[in-house]
Amino acid sequence: MTEYLIRRTLQSVLVLLLITIVTFLLIHAAPGGPKTIFLSPNLSPEVMEQQAENMGLNDPLPVQYFRWLGDLTQGDFGYTFKNNLPVGDLVWPTLGNTMILMGSAWFLALVIAIPWGIYNSTREYGFSDQLASFIAYIGFAMPTFWFGIILQELFALKWDLLPLSDMYSMGKEGDLGDLVLHLILPVTVLTLGFLAGYVKYSRSSMLEVLDQDYIRTARAKGLGERKVVFRHALRNALIPIITILGLDLPILVAGAALTESVFNWPGMGRLFLQMATQREYSVLMAITLIIAVFVIIGNLIADLLYAIVDPRVKLGRKGGAGA
Amino acid sequence: MKKPNKLMLCLSIMALAGSVLAGCSNGNNTGGNNAPADNAGNNKAANAPANNAPAEEPATPDANTPVDGGELVVSSFSDIVSINPIFVGDTASGDIDYLVNARLLDLDRAGNVVAEEWSLAAELPQVSEDGLTYTIKLKPEAKWSDGQPLTADDIVYTFDTIRNPEAASLAISNFDKIESVTKVDAQTVTIKLKQVYSPFLYSLTTSIVPAHVLKDVPAKELAKHPFGSDPAKTVTSGPWNWTEWKNGQYLTMEANPNYWGPKPHIQKITYKIYADQNTEVQALIKGDVDMTSAIPLPLLDTVKANENINVILAPGPQYEYLGFNFKDDNFPGKVSPFKGMKTRQAIATALNRQGMVDNILKGTGTPLNAPFLPGSWSDPGDKATTYSYDVEKAKALLAEDGWVAGKDGILAKDGQRFSFELQYNAGNSRREQVAAVIQQNLADVGIEVKPKGIDFAAWIDQNVTPGKYEAILLSWSLSNPDPASNESIFSSKYFPPTGQNTGWYKNEKLDQLWIDGTLTADQSKRKEIYGEVGKEISTDLPYVFLYQYGLPEAQNKKIKYAEEDKPESTLGYGYFFHVNKWWVAP
């Protein structure tokens, strides 16, 4: 187990390094870098060059990359080109904000979806099951930002019950009650998005298990239905769901850029959009890296949980990655 | 002399962002935001010598009596970069600079340079007989927000820094005609120019930076100095102080206790950043925000329907144009079809510009015929040649210029079909619609147009700047009311890749007139010269000047001001015109 963890960690570092190189190159390959975006294009080329020089943008790409990497090893994301702000100061608060938003929605979705999916699997095509399908279709088909706009229109404007946007009202930073009020609409939108998938997954995964021979055996030996479902079936049914959850973990930090924009939530997805339009490379790199770290952690957690839920999985030289 | 005609860069970037945000914002944002420009974004009101200021202590709560205190919340689609006046290059930073700093001189409603009660200069500069020396007198009471006096040292430092190439100031083109800046006494500065350069007066409508804070910073490191990005370290000279910057979310400003000028009525200003324009407008409707300088057109009717909101429809200081390319190499047949003046006039005549304004701009624009700020002193008015929509006349002009309809109905001359590609930035829904109308209008007279939307950054890099296109749909800002800046767009001295005359237009008469315009000190003679320019350019048509436009501005009705202090859309930062005299109804 320990050896497995060490090996995975080393692999991850390598993967992260590759990701930073690819991202760095891709960002720099996009037309119109920070210097063209900073200035009016009709400004004299001399001024533009001097600006680029002062911002350190004229150094060769490898130099820029290794400077960035060097800072990173010191736990420092560097500074923005345009106004020399510490990138960490921009990124870390938004990471927390995104996790509050996405975490609430994700948690809510799980709490609703898994029991509901299990229930539906025991009453296939019943009213509850049909309703879940209906909601899933809506959740999949409707652009979340559009749903957000509808909710804003009704709850914030027409009935004036809830705040329209932002994380706190002006002057109320840190007020928990105010935060909850601001969470309601965006969390509703995001929960619906998560819910659609999770209900379906847990239902179908459960159905698959309930069809297995050992379940029939369990029933045949006279076990109560409750015991069959929760003790015998659920544990196996959870395995694929865990995979999905692990893979979804990065979404919690990447955020939903559109939903965050519509609700003006100061999260990382919204920051990424803003900085992409400004070609603020250092911030884009930092966010990409953070998301990459979460992708890797998500996968790792999924693998580890496998071993816990499914005794057949042995994490070792041969078992690991595949399973 | 690259002058600050600013391509609508920031705006178009917003348009890009808008389009990323999917349909909700339509990418149609150009709005009342004017291009960054130097500092020409200014204000000042009419000629009223503002000595007899409005009663400041209202005895009775009358709706027309200013009330002190209160908060103004302004929304924005983008965050600031730096409010250091030396580096301000985007609309958001310019907005904040405008609110927290006093300017040396200001603009009045008609775009004339004036010394206001709140300008740092006590009076308009005295210009020597030969037009080369400007003497500026500062108000002795002027001081910085940290209590230090604002003196000639600050002026000398600011101008010397801006014109130092190592600082890489965006405003350098405004100051590179300066030979020397000299302190005479604590309140007096003389500026010597290398040559007569009459638009220089407009360069003086700039904010000043504090020498006592920055003088020891090497020019190359100024952009990295926290002055301009850290509120605690940004010393300012205007009615409000910058108190907080919550990155990506909002900025706050509070009345400056050390302000030397007429005290503003509004106590606090919050500049709130929205990532989505639809949300921004809804926040205005809900009352979270009091003022928005750019309402996307699809949302205009919703905003208008709200009884608490005033909508200001007057177009802003920018115009859109159809730009021709005169360089033969850019065309497959190695001949530019736009070379005949009658051909260009025919295109202008074939376009239904009023229809574009009415239908696409929903009335928030005005067709124009020359690249001058309408209503300003350089507006050629009747001298300009006008083109009204007339298909038959357009066909006749094309025939006179030798174009004959081919078998496919498309005109041809010397074996070349009259067909061209019209480029614009993808995602800008206004330009998409206008391009479609141009395509239709010109098809009616036998010209084939192939509209093509391209990603903005790539387009500017690969087509516009190097002058490699057949025709383009783009905008210029007129936020500097002095017309001299047009030289760098239309003079043949400014061909690509370094110049902005990206269509390779050459007209020797105009080339000379532009030079005369900057070398003439006498204002009435200048007016004559630019009148001649207006006539020539509207006849010869390097572009088809389509319309002056701008997204509507909107304000909550609780924002109050006297008639002479109302916003002036046609000026840069005109949505804050005289904001120091506004008040907010309790």
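A:Val187 is in contact (heavy atoms within 4.5 Å) with A:Leu101, A:Ser104, A:Ala105 and A:Leu108, neighbours within four places in sequence being left aside. This residue of the predicted model is placed in helix α8 (residues 176-210) of chain A, helices being DSSP runs of H or I with at least four residues and strands runs of E with at least two, numbered from the N terminus. A:Val187 has a relative accessible area of 8% and is therefore buried, a term that means under 20% relative accessible area with a 1.4 Å probe, protein chains only. A:Val187 and A:Ala257 are 70 residues apart in sequence, with a C-alpha to C-alpha distance of 14 Å.

In chain B there are 16 helices and 24 strands. Of the 586 residues in chain B, 64% are buried. Among contacts in chain B with a separation of 6 or more, 69% join residues 24 or more positions apart.

| Domain of chain B | Residues |
|---|---|
| domain 1 | 67-80 + 238-314 + 552-585 |
| domain 2 | 102-231 |
| domain 3 | 318-549 |

The C-alpha centres of domain 2 and domain 3 of chain B are 36 Å apart. Ten residues from domain 2 of chain B and twelve residues from domain 3 of chain B take part in the contact. About 820 Å² is buried between these two domains, and carbon and sulfur atoms give 62% of that area; buried area is the accessible area (1.4 Å probe) that two parts lose on being put together, summed over both. B:Val196, B:Ser198 and B:Tyr202 supply 53% of the area that domain 2 of chain B buries against domain 3 of chain B, more than any other three residues.

B:Ser198 lies in the loop between β7 (188-193) and α5 (200-203) of chain B. B:Ser198 counts as buried because its relative accessibility is 11%. Not counting residues up to four places away in sequence, B:Ser198 touches B:Tyr134, B:Gly517, B:Thr518, B:Thr520, B:Ala521 and B:Arg526. A polar atom of the side chain of B:Ser198 lies 2.8 Å from the backbone oxygen of B:Thr520.

Residues are numbered from 1 along each chain as its sequence is written, and chains are lettered from A and ligands numbered from 1 in the order in which they are written. Local features need pLDDT of at least 70, side-chain atom pairs count only at pLDDT 80 or more, and totals for chains, interfaces and linings use all residues, while side-chain values use heavy atoms, with hydrogens and water left out.

Conventions:
Domains from an automatic or database assignment. Buried < 20%, exposed > 50% of the residue type's maximum accessible area, 1.4 Å probe, protein only. Polar contact = N/O pair within 3.5 Å; in protein donor to acceptor, adjacent residues only side chain to side chain.
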